[in-house]
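Dear colleague,

I am passing on the model that we spoke about, and would be glad if you could look through it with the notes on its pockets that follow.

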Amino acid sequence: MTDSQVTPKELQPQFLFITDLDHTFVGDADALRELQALLRQHRQAYGTKIVYATGRSPQLYRQLKAEQSLINPDALVTSVGTEIYYQDPSDVADREWSAILAPGWNREIVAATAAEFAELVPQPESEQRPFKLSYYISPELAAGILPKVESILQQQGLKVKLVYSGGKDLDFLPEKGNKGLAMQFLGQHWGISPERTVACGDSGNDIALFSVGSEKGIIVGNAKSELRQWYAQNRTPEIYLAQANYARGIVEGLKYFGFL
Ligand code: GLC
Ligand code: MG
């Protein structure tokens, strides 16, 4: 075989598969079983990488993994993109990633600022992480409160992102703490191009997966309104809105893009 017969890039079967868990990968047990079998085969045959990108803490991730018999990922992104693990959550998150998140973040000031707003109800202690503070707030209250909190944080010189998901969860995150930049970090780590990367999601904290670059995206049919609204204003050929829900929607999208 000569060099000119080397497989062209578009025919290389390996890809980077990155998916949100709740209401995306997980939600339909039969479809999940089928998708996991397909992914496992693909990983074995071609070295495809499987990554979970969840809003959950490592603790709540472990619960879900056991409940749903999730296959082991090649990397795990927890806490809305702010922690990256290569082993099933070990004690230490990737330090290089933590160093990227630190500038402009001050956990104490963010917590003190949030505490001034009685409307923000703190989530359980397990979900308060080194680079993520999380609260509950209703959509009605969120519209009025969020801009105020944002401007107070800005005045204090912090670079903090507020991400609202599922009409209830509000996360305070470092400027670069999101699932999309974590995905790109892993793509570079493994040398997999954006064209061979596909991300799947259903809610607000997944928007970063679809907006960060030219990676492919699959929005499952059951997506939440904040993501649907975003999609209505940001349609691109790289993003596919599936008809089917949960894992069945993912399989639909993977076939649409020719990954499977
Ligand atoms: C998960 C996390 C929660 C977060 C939400 C949205 O449910 O446990 O802390 O607010 O995702 O990102
Ligand atoms: Mg979700």
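A pocket here is an open set of points, on a 1 Å grid over the protein atoms alone, where a 1.4 Å probe fits, with protein on both sides within 12 Å along at least five of seven lines, and its lining residues have an atom within 4 Å of a point. A volume is the space filled by probe spheres set on the points, which are joined across faces, edges and corners.

This is a predicted model, in which local features need pLDDT of at least 70 and side-chain atom pairs count only at pLDDT 80 or more, while totals for chains, interfaces and linings use all residues. Residues are numbered from 1 along each chain as its sequence is written, and side-chain values use heavy atoms, without hydrogens and water.

The largest pocket holds about 520 Å³ of space, and of its 24 lining residues D22, G55, R56, K168 and D169 are the closest to its centre. Its lining has 10 charged, 10 polar and 4 nonpolar residues, where Asp, Glu, Lys and Arg count as charged, Ala, Val, Leu, Ile, Met, Phe, Trp, Tyr, Cys and Pro as nonpolar, and the others, Gly among them, as polar.

The second largest pocket has a volume of about 230 Å³, and K161, V163, G204, I207 and A208 are the closest to its centre among the 15 residues that line it. The lining divides into 8 nonpolar, 4 polar and 3 charged residues. Because domain 1 (13–92 + 177–257) and domain 2 (104–174) both give residues to this lining, the second largest pocket lies between them; the domain bounds come from an automatic or database domain assignment.

With best wishes

Terms used: Chains lettered and ligands numbered in written order.
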